[in-house]
Amino acid sequence: MQDMNEVSNFKKGSIEGCKDNNLNYPPYTPKILDEVMYSKTLCMDAKQAWGNHYDVHSLYAYSMVLATEKALQRVFGQNRTLMLTRSSFPGVGKYAGHWLGDNAANWNDIKWAIPGMLEFSLFGIPYIGADICGFFDDSSEELCRRWMQVGAFYPFSRNHNAEKYRDQDPAFYGADSTLVRSSKHYLNIRYTLLPYLYTLFYKAHTTGETVVRPIMHEFYHDSTAMVADRQFLWGKYLLITPVLDQVTLVIPHLSTFVCIWRLFGDVRVYVYSSSRRNPMGLIVALDDNDQALGELFWDDGDSRQTVETGNYLHYKFSVLFGILNIQVTHNGYKDPNNLKFEDITILGVTDSPTTVKVTQVGTGSSPDSTTTVPDSSITYDSVKEVLFLHGLSLTLGESYLVEWETESNEYERFNCHPEDDADESKCKARGCEWKQSTIEGVPWCFYPKDHGYTIGGIRQTSTGMTVEIIQNVKYRSSGRPKSPDINLLRAEIVYHSSDMFQFKIWDPSTDRYEVPVPLTVPSAPEPDEDKRLYKVIVTDKPFGIQVIRKSTGTKIWDSAVPGFTFSDMFIQVSTRLSSEFVYGFGETEHTTYRHDLNYHTWGMFSKDQPPGYKMNCYGVHPFYMGLENTADAHGVLLLNSNAMGKTKAKSNSHLCNHPNTHPITNALIGRPVLPAYWSLGFQLCRYGYKDDTEIKNLYEDMKAAGIPYDVQYADIDYMVRQMDFTLDKEFQGLPAFVDKIRSEGMRFIFMLDPAISGNETNYLTFERGKAQDVFIKWPKGLSDDIVWGKVWPDYPNVTVNTSLDWDTEVELYRAYTAFPDFFRQRTADWWQNEMREYYEKTLKFDGIWIDMNEPASFVHGTVGGAGNCLGNRDLEFPPYMPPLESKHMGLSHKTLCMNSEQILSDGTPVRHFDVHSLYGWSHSKPTYDAVLSITGKRGIVVTRSTYPSSGKWVGHWLGDNYSGWDQLYKSIIGMMEFSLFGISYTGADICGFFQEAEYEMCLRWMQLGAFYPYSRNHNGKGTRRQDPVAWDDKFAEASRDVLNIRYTLLPYLYTLMYEAHTEGTTVVRPLLHEFVDDRATWDIHRQFLWGPALMISPALDEGARSVDAYVPNARWYDYYTVNIGVRGKMINMPTPLEHINLHIRGGYILPWQKPENSTFYSRKNPFGLLVALDDDGAAQGSLFWDDGEGIVFRLSCSALLLQYSASLPALSCFRFTSEG
């Protein structure tokens, strides 16, 4: 130990003093002790070999350290020694440690020691510590006890004090004293963890890392960590939080004297505390992703230059997928004590292990050797979630794999045989692992941990990267001979913007089909890494992509898992989810808004299929929103149009990363269409109107009842034998009736199906279409004929016997139909011309309803059945069939043959196999364009089949639902999902399409449906009427009352539609979109919001006269009574049969108008404002207003945007226009 080497002198300068010159008395003297340069040291003009003392004074200790180092080498030779110095200078840390000087026994100095150590870590001196219990003064027992606790974690841990003061070593206090017991406890911890500390010194010596470090070094994104100086870390993984203040309480347990907390994600090595001769152990602390890293450096602990000579042992430890890899990376030392790893403690194991296996990794010609750890060596603490493994005897210097199989590990299995007929032999034939499980849904056949692809090369730029990936040939093919694996692939990653990222994986050796749906991406990627909210990491063995939110460290996409498969007709991509809160994926009926993650599988392939549990329905939306545990959200769009199956458990993709939950796809798929104002009014339809008189009578009855009503429909009844652009003899008065109601401010919509009858002798729609070659045909090499199906049109001159079974009826009476190929511009032109001629010569319309466009057919594939499909049969029954409705019938069940040929707008031929689920999408824009062109007004188009970006042109109803109580709450889920999918104009058939509606249910549904954006009562043929005037006066009155509320608030609803169209916001939204910090909202799907300000809490159950509803943490006003209720809790709301619960959120201003029987009249009424003040007495809102139907609706002299703000006692209004 070198002391007094500042250099220290008890005289000022020398016995004779110091001369008066510029060295001893320079022109400027810093603010130093006594403000004299030579105070307590030598004169500045003293001479040394390195120069004047004035120049080298602060190097005195450094020069002494160099001399001492040489002396120690001579004396001790190749043995390492310890040198301490009191004075230091940059570079001293290469040779010596340092103590923090002659401190005092007080509470201030115990605190000051931590910043002192942290500073010397910055100065490159990791071997650092303070004199424990203080050098000067007498230490109290409590102070010394606390100091022994924290000092046990000083790298240089020494108790030291000056003469003439009271003894303070632990023994002084007595063998059974509290201080001795406390000191032994924490010094035992120190000695237990010395291998970890020694490894930290190795890292400091070889890489310059710190040993003791501040919290901010590891958590620099956390502003709180920037000022934390009463805690410190050992390396990355051990946090020490000592008691540094005098307290007056009695602490009953030694273990509470110092708080030592683990940091997740590490593996620490320890030995039992008595000596280096005892067995070793590992402490494994798993992070949130069940992963951990660590290392061990080991040598004889005494010899010099073991690193340089290679005379050491080095391990790397890692945990991934429930496997601890104990890997020797350098084996240059054999410990004479034949040490072993005996015990392993694993923290954060959430489930009890079912089995634990140890594999000794072979070297050279010696194979791996695996043994099962006996139950007697396994202890699991379910409360603390700690797994203890005892008596393992893993030889130091060997590599091992320790694998624990738990129920949670079983959830990490990725299905290698998603087909139904898996068995062990088929599984192993694919190179996969077979192990049964007692957990429902967990696959028994699963991929090995390294299955997939490996990286062959990476090219990175500031805007993304390109990765060449190679299939791991260690394993057999995916086991689908008709779909050979592709060995060489390319992955392209593009950083589109600060919050949008895309990856695309494809076969670069051949041209392949890509989804022809244009997306809205920035014109140039984002090159500035600092602006991006995310970080992208590419992993190897297996290849995967990880996307990490920078602000929280959450992995929002993590495909670094086994099982990635890319073959000609089968692609499998898996990702770990960031949390269990996943929303989206459509179109299929879900029983909750948040999805159940327990191995449920849903198919995605558009189909004429009424809503049903796990049945693929009309549209396809391969998008989900992930809500992270930090209340951030992200969205993932899997841009694929082929048949899919998705399985959720604990291609070409776009990922949007947002710090909130508001819509995160609209920036990519386009913003929702702005519907005509009148389309927000109530609407009536029925399949089964027998003639135009029935419609006329309904209209008069609705007027007489004073029930608001804007749109009347006609289903396919109005057609001749269900053929487009015809008018049945029973509806010859319909054109005049439509003209009449339109003159009174009403609107009219009728249905058009895509399928066109081909069995007529003088049907010009078909003849013109055939002449213009607009119908889907077979590939030219197979046939030049149309691919014929059957839908609604009947043969001419037949009388349909409806008593026959359906298939017989189709065979005997349904005509051959052709399907227009709407990808082609010629088809769009033909379609518009047919609509225009019908509008001008036969029947006016204001909007169009398109149905059966999945496309639906009443025969499978083509006339005669799927067996008559030409070409490749594997397209009808591909090697993997997703879990689709009637999947045993093949993909062509109730639709066209998959080998039918369609032509994209650029002339590229594609198979229906690839574009089937895009048919409704391709049908939508030509229809919308036709409505605008023909009517000269905005109108609305409502479609049954949709795909991402359909919302730019159309609205959607939720299909042919049933009259059942469960359909009420499921319709809320459906609307909220379609809000995620970018389709704001949506709603369900009020009172249900199939089956007889029941009075109470239909009335509750009218109340709920009054708050659907698309509010239409519609039911099917053969059931009784269910419109509001079909019941009794009480029903009509209740319907009128609730629709009057809707019509009152239409200016607010229309403004929400405008904001959705211009900003991409949602109209119907779940409570979690507005109150994401309140986790209670994350599971709510029986309530919803109109925008941010109107909460709807309907009665959804039979016989209910009250509703248990959640009131988020804000000021809320009852719409009817203006009472201010409770907040942040579930309450019981009285809900009589004629009532629906509505609440206005404080802080918002809602525009309104007095309701009338239609929007034609209500739009003429004065406006009002409903101002709901928040807790601060403030509110804001807006109103968009135009003529309600113009095609150009920019902010101009014909469109107005008003913004309101209120702050007691004033209300302000601001007008925003671009001109006029």
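**Figure 1. The disulfide between Cys869 and Cys897.** In this predicted model, Cys869 and Cys897 form a disulfide, with their sulfur atoms 2.0 Å apart. The torsion about the S-S bond of this pair is about -80°, so the disulfide is left-handed. Cys869 and Cys897 lie 28 residues apart and link distant parts of the chain. Cys869 is in the loop between β46 (847-850) and β47 (901-903), and Cys897 is in the loop between β46 and β47 as well. Both cysteines, Cys869 and Cys897, are buried.

**Figure 2. The disulfide between Cys18 and Cys43.** Cys18 is joined to Cys43 by a disulfide, with an S to S distance of 1.8 Å. The link of Cys18 and Cys43 is left-handed, with -90° about the S-S bond. Cys18 is found in the segment before β1 (47-48), and Cys43 is also in the segment before β1, so the pair ties together parts that are 25 residues apart in sequence. Cys18 has a relative accessible area of 17% and is buried; a residue counts as buried under 20%. Cys43 likewise counts as buried, at 8% relative accessibility.

**Figure 3. The disulfide between Cys991 and Cys1002.** A disulfide connects Cys991 with Cys1002, the S to S distance being 2.0 Å. About the S-S bond of Cys991 and Cys1002 the torsion is about 90°, so this disulfide is right-handed. The pair links distant parts of the chain, 11 residues apart: Cys991 belongs to the loop between β52 (989-990) and α19 (999-1009), whereas Cys1002 belongs to helix α19. Cys991 is buried, with a relative accessible area of 0%. Cys1002 also counts as buried, at 0% relative accessibility.

Figure 4. A search of the whole structure finds 6 disulfides. With bonded cysteines counted along the chain, the disulfides of the protein chain follow the pattern 1-2, 3-4, 5-7, 6-8, 9-10, 11-12. Cys617 is in no disulfide, and the nearest cysteine sulfur, that of Cys685, is 20 Å away. Cys617 is buried, with a relative accessible area of 2%. Cys685 is in no disulfide either, and its nearest cysteine sulfur, that of Cys991, is 13 Å away. Cys685 counts as buried, at 3% relative accessibility.

**Figure 5. The salt bridge between Arg86 and Asp3.** Side chains of opposite charge can pair when their charged atoms come close. The count of salt bridges in the model comes to 71. In one of the salt bridges, the side chains of Arg86 and Asp3 meet at 3.0 Å, N to O. Arg86 is in the loop between β3 (84-85) and β4 (97-99) and Asp3 is in the segment before β1, so the pair ties together parts that are 83 residues apart in sequence. Arg86 is buried, with a relative accessible area of 16%, whereas Asp3 counts as partly exposed, at 32% relative accessibility.

**Figure 6. The salt bridge between Lys970 and Asp966 in helix α18.** The side chains of Lys970 and Asp966 form a salt bridge of 2.7 Å, N to O. Both residues lie in helix α18 (residues 966-980), where Lys970 and Asp966 are 4 residues apart, about one turn of the helix. Lys970 counts as buried, at 14% relative accessibility. Asp966, by contrast, is partly exposed, with a relative accessible area of 32%.

**Figure 7. The salt bridge between Asp773 and Arg824, and its network.** Salt bridges that share partners join Asp773, Lys777, Lys780, Asp784, Arg824 and Arg826 into one network. Within this group, Asp773 forms a salt bridge with Arg824, and the closest N and O atoms are 4.0 Å apart. The pair links distant parts of the chain, 51 residues apart. Asp773 is in the loop between α13 (764-771) and α14 (806-813), and Arg824 is in the loop between β45 (817-818) and α15 (825-841). Asp773 is partly exposed, with a relative accessible area of 23%, whereas Arg824 is buried, with a relative accessible area of 15%.

**Figure 8. A negative surface patch that includes Asp1041.** Asp1032, Asp1033, Glu1037, Asp1041 and Glu1138 form a negative surface patch. Among them, Asp1041 is placed in helix α20 (residues 1033-1048). Asp1041 counts as partly exposed, at 38% relative accessibility.

Definitions and conventions. Residues numbered from 1 in each chain as written. Predicted model: local features only at pLDDT ≥ 70, side-chain atom pairs only at ≥ 80, totals over all residues. Heavy atoms only, no water. Patch = residues over 30% accessible without salt bridge, like charges linked within 9 Å, V, L, I, M, F, W, Y side chains within 5 Å. Areas by Shrake-Rupley, 256 points an atom, 1.4 Å probe, with all protein chains shown as cover. Lys, Arg positive; Asp, Glu negative; His and termini not counted. Charge placed at Lys NZ, Arg CZ, Asp CG, Glu CD. Helix = DSSP H or I, 4+ residues; strand = E, 2+ residues; numbered from the N terminus. Buried < 20%, exposed > 50% of the residue type's maximum accessible area, 1.4 Å probe, protein only. Disulfide = S-S within 2.5 Å.
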